[in-house]
Amino acid sequence: MPISVTTTEVRDLLNRPRGLNENTISEYITVRTHEVNKVARDGDYVATTSAEVGDDLKNNAVKMLVCVDCLIVLIDTV
């Protein structure tokens, strides 16, 4: 199962903030998905020898990173 984080999930995690554009969330999801996949492929970085990083862990990492990015955007606009 590939990484499948939606803008609705991110909005729910952030308690549906006002003033946050859907396109901004989608762009952050795209950027962070590529970063998480790149890091997950590097076995030395995640200290695994034969085990592969699971999709659930990748999804959670993308959600967390996107939420942080969105919070920074919200704070900067205030």
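Tutor: Let us begin with contacts: two residues are in contact when they have heavy atoms within 4.5 Å. Please keep in mind that this is a predicted model.

Student: Which residues is Arg 11 in contact with, leaving aside its neighbours within four places in sequence?

Tutor: Arg 11 touches Arg 16, Pro 17, Leu 20, Asn 21, Glu 22 and Ile 25. Arg 11 itself belongs to helix H1, which covers residues 7-13.

Student: Is Arg 11 buried or exposed?

Tutor: A residue is called buried when its relative accessible area is under 20%, and exposed when that area is over 50%. Arg 11 has a relative accessibility of 10%, so Arg 11 counts as buried. Leu 57, within helix H4 (residues 55-77), has a relative accessible area of 56% and is therefore exposed.

Student: How far apart are Leu 57 and Val 36 in sequence and in space?

Tutor: They are separated by 21 residues in sequence, and their C-alpha atoms are 9.7 Å apart.

Student: How many disulfides are there?

Tutor: A disulfide is a covalent bond joining the sulfur atoms of two cysteines. To be counted, the two sulfur atoms must lie within 2.5 Å. The count here is 0 disulfides.

Terms used
Residues are numbered from 1 along each chain as its sequence is written. This is a predicted model: local features need pLDDT of at least 70, side-chain atom pairs count only at pLDDT 80 or more; totals for chains, interfaces and linings use all residues. Side-chain values use heavy atoms; hydrogens and water are left out. Helices (H or I, at least four residues) and strands (E, at least two) are DSSP runs, numbered from the N terminus. Buried means under 20% relative accessible area, exposed over 50%, partly exposed in between (1.4 Å probe, protein chains only).
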